[in-house]
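Hello,

Here is the structure I promised to pass on to you. Please open it first, and then read on for a short tour of what turned up.

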Amino acid sequence: MSRYESPSFDDGEVNPFANPSTVPAATSQYDRGGATTDIPLDSAGKDLKAKEKELQAKETELKRREQELKRKEDAIAQAGIVIEDKNWPPFFPLIHHDISNEIPIHLQRIQYVAFTSLLGLVVCLLWNIVAVTTAWIKGEGPTIWFLAIIYFISGVPGAYVMWYRPLYRAMRTDSALKFGWFFFTYLFHIGFCVFAAVAPPIIFKGKSLTGILPAIDVLSGNILVGIFYFIGFGFFCLESLVSIWVIQQVYMYFRGSGKAAEMKQEATRRAMMAAL
């Protein structure tokens, strides 16, 4: 064979050097183990288009819900309604409480002390249950124990609803009417604390409060019960002093900020509207 002689090909073989127009065209089928398999290009494209339409529909629905939620939030804000999320205590949230972010800086100290007086009332009434339970065990009877339980389950939530929450909102919104409601209800709170510190057997049943008079009475019968009652007496005295300081500071701010005059004007305006 000559060095440049063209190679020969058997029958059925394709010459790669032949004219491209004579080479057989490629097909979308290929041989796999003797079987011919078709590649489903059209069905894959349809699935992608269907998924794309589904995603677009979901995106449209999410945008619609976002717009509706924003519209509701704007309506609530215009109406002056504040959404309060429960965040305290952290381990079991029951109330909304965020002094550092919602109360003005110059009023935060007063608000913190007022919150301390609320917690102090919880401690006083809880210790009152402990002392009265001890007295019941020593033979004073179950009636005073049931009264002590009633003081606790009504006094703690009642204090929060009646005077602490109004004060919190008054500090946050600077509302004269809320300040007025706080003064009215907080005076009852102070009166109860002073009464409990003395605990005369006039309104409440005998030794159901750990005041000075029941403490002296039970001390002669049982020293341990007497000590518990004297500790309760100290708690109520301390709570009374803290509460008096709180109302004094709130009243000084109320008068100094001009809220007293504003409250009088509001009361006069409402009286005139009622008369008309």
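How are α6 and α7 oriented to each other, roughly parallel or roughly antiparallel? One thing to keep in mind while you look: this is a predicted model. Helix α6 covers residues 212-219, and the angle at which it packs with α7 is about 170°. Angles over 145 degrees count as roughly antiparallel, so α6 and α7 are roughly antiparallel to each other. Their axes are 8 Å apart, and the crossing they make is left-handed. On the α6 side, the contact is made by Ile-212, Pro-214, Ala-215, Ile-216, Val-218 and Leu-219. Helix α7 brings Ile-223, Val-225, Gly-226, Ile-227, Tyr-229, Phe-230 and Phe-233 to the contact. Sorted by class, the contact of α6 with α7 has twelve nonpolar residues, one polar residue and no charged ones.

Helix α7, which spans residues 223-256, also packs with helix α5, residues 176-198. Here the angle is about 160° and the axes are 9 Å apart. By the cut-off of 145 degrees, α5 and α7 are therefore roughly antiparallel to each other as well. The crossing in which α5 passes α7 is left-handed. In the contact of α5 with α7 there are 22 nonpolar residues, along with three polar and one charged.

Now for a single residue. Is Asn-128 buried or exposed? Asn-128 sits in helix α3, which runs over residues 105-140. Its relative accessibility is 0%, and buried means under 20%, so Asn-128 counts as buried. Which residues is Asn-128 in contact with, once its neighbours within four places in sequence are left aside? They are Ala-148, Tyr-151, Ser-208, Leu-209, Thr-210 and Phe-236. Of these, Phe-236 falls within the residue range of helix α7.

Finally, the view of the whole chain. The protein chain has eight helices and two strands. The protein chain has 276 residues, and 28% of them are buried. Taking contacts between residues at least 6 apart in sequence, 57% join residues at least 24 apart.

Best wishes

Definitions and conventions
Residues are numbered from 1 along each chain as its sequence is written. This is a predicted model: local features need pLDDT of at least 70, side-chain atom pairs count only at pLDDT 80 or more; totals for chains, interfaces and linings use all residues. Side-chain values use heavy atoms; hydrogens and water are left out. Helices (H or I, at least four residues) and strands (E, at least two) are DSSP runs, numbered from the N terminus. Buried means under 20% relative accessible area, exposed over 50%, partly exposed in between (1.4 Å probe, protein chains only). Contact means heavy atoms within 4.5 Å. Axes are lines fitted to C-alpha atoms, for helices over the stretch in contact, and angles run from 0 to 180 degrees between N-to-C directions. Angles under 35 degrees count as roughly parallel, over 145 as roughly antiparallel, 65 to 115 as roughly perpendicular and the rest as oblique. A crossing is left-handed if the near helix is turned anticlockwise from the far one by less than a right angle, and right-handed if clockwise. Ala, Val, Leu, Ile, Met, Phe, Trp, Tyr, Cys and Pro count as nonpolar, Asp, Glu, Lys and Arg as charged, and the others, Gly among them, as polar.
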